[in-house]
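Me: Got a model open here and a few quick questions about it. Can you go through them with me?
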Amino acid sequence: MWITPPPPTSEGERLAELHGYEVLDTAAEERFDRITRIATHVYSADVAFLSVMDSNQQWMKSKTSHLLGDVIQRDRSLCTVVVSTGTELVIDDMRTAPELEGHPTVRQAPWRFYASVPLRGEAGHVIGTLCVMRSEPGPPAGFKIDVLRDLAAISSHELTLSRQNSELHRLTNTDALTGLANRRMFDEEFLRAWRRSRRTGEPASLLLLDLDRFKEVNDGLGHQAGDRALVDFARFLEPFGRRPDDLVARVGGEEFGFVLAGADADGAIGIADAIIRALDTAALPHPTRRLMTTSIGMATLRDDEDHSSWWRRADAALYDAKAAGRATVRVG
């Protein structure tokens, strides 16, 4: 009888390591597609897939068949057994295995043979799986799991290299003046948040901010004073990006942006209002207007909306905020 296994005892650390690789919701990569193609060939499989498991879902980084979905709910995934136990799993026939009686999906799936090995992070946590499945019951002739195990080890090594490259990527995507993310990184994370929302159904919101009458700072006190004001404003903004998936960036000149993955309209408006209030309390000086203020445009991603439309609504809301007298928030 099927019983959904509990998360591993180190689930918090496991998830932290997984998110550290920044692999969720990234585009397909040939280095991982090559691994699943090799697994398909070696095991005469109908499908091979490389997946990672977050707190709620199994997400396919690479797969060799369109019959397998991109996402499976964790409690409906057979691979959750591998993540829970940290051990390899081979099932000759998923339709007849007594331990799968009552499983919500495998009895109806077109595949019968299943073999899976853990995908381990550098710290040893099982962050996902590498699997092969066949439509015929029973293993292929001469079946040994060693090759699948080796391919999983190669995949783990590739993920480690990817994380190291991400650190270099971050260094090259940081705004030199403020230390915040630059426009290039903002655009990447904006698209990633859009893809994640499409995958998970979770909300995502965008804030665009513009320092009010900033030209008067440069004209009145010079560009060095303008640069100091931008640095001070960036330091003020940074704590408002509290969650791991939040991103605050300088997107150009005196314009800044927040990508708030997982934030609905109420949550995003709450952050925007808090910025307006806290900036008044921070009392950053303005040469002609006494204190610095900011205008904010907000847009929460709509169902089936493309990312361009999402951006345009936030940008239009920012212009509405400035037209309304500045130091305010408008919703697009």
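Me: Which helix gives the most to the lining of the largest cavity?
Reply: Helix α5, residues 183–200, with four residues in that lining. Keep in mind that this is a predicted model.

Me: What is the volume of that largest cavity?
Reply: About 30 Å³.

Me: And how many cavities of 30 Å³ or more does the structure hold?
Reply: One.

Me: Which residues line the largest cavity?
Reply: The lining consists of Ala 193, Arg 196, Ser 197 and Thr 200, then Glu 202, Pro 203 and Ala 204, and also Ala 261 and Gly 262.

Me: How do they divide into nonpolar, polar and charged?
Reply: Four of the lining residues are nonpolar, three are polar and two are charged.

Me: Switching to helix packing. At what angle do α7 and α8 pack, and how far apart are their axes?
Reply: The angle is about 130 degrees and the axes are 11 Å apart, with α7 covering residues 223–237 and α8 covering residues 265–282.

Me: Why is α7 called oblique to α8?
Reply: Because of that angle of about 130 degrees. Angles over 145 count as roughly antiparallel and 65 to 115 as roughly perpendicular, so this one falls in the rest, which is oblique.

Me: Is the crossing left-handed or right-handed?
Reply: α7 and α8 cross in a right-handed sense.

Me: Which residues make the contact?
Reply: From α7, Phe 233, Phe 236 and Leu 237; from α8, Ile 275, Ala 278, Leu 279 and Ala 282.

Me: What does that contact look like by class?
Reply: Seven nonpolar residues, with no polar and no charged ones, make up the contact of α7 with α8.

Note on methods. Residues are numbered from 1 along each chain as its sequence is written. This is a predicted model: local features need pLDDT of at least 70, side-chain atom pairs count only at pLDDT 80 or more; totals for chains, interfaces and linings use all residues. Side-chain values use heavy atoms; hydrogens and water are left out. Axes are lines fitted to C-alpha atoms, for helices over the stretch in contact, and angles run from 0 to 180 degrees between N-to-C directions. Helices (H or I, at least four residues) and strands (E, at least two) are DSSP runs, numbered from the N terminus. Angles under 35 degrees count as roughly parallel, over 145 as roughly antiparallel, 65 to 115 as roughly perpendicular and the rest as oblique. A crossing is left-handed if the near helix is turned anticlockwise from the far one by less than a right angle, and right-handed if clockwise. Contact means heavy atoms within 4.5 Å. Ala, Val, Leu, Ile, Met, Phe, Trp, Tyr, Cys and Pro count as nonpolar, Asp, Glu, Lys and Arg as charged, and the others, Gly among them, as polar. On a 1 Å grid over the protein atoms alone, a cavity is a set of points where a 1.4 Å probe fits but cannot get out, and a pocket is an open set with protein on both sides within 12 Å along at least five of seven lines; lining residues have an atom within 4 Å of a point. Grid points are joined across faces, edges and corners, and a volume is the space filled by probe spheres set on the points.
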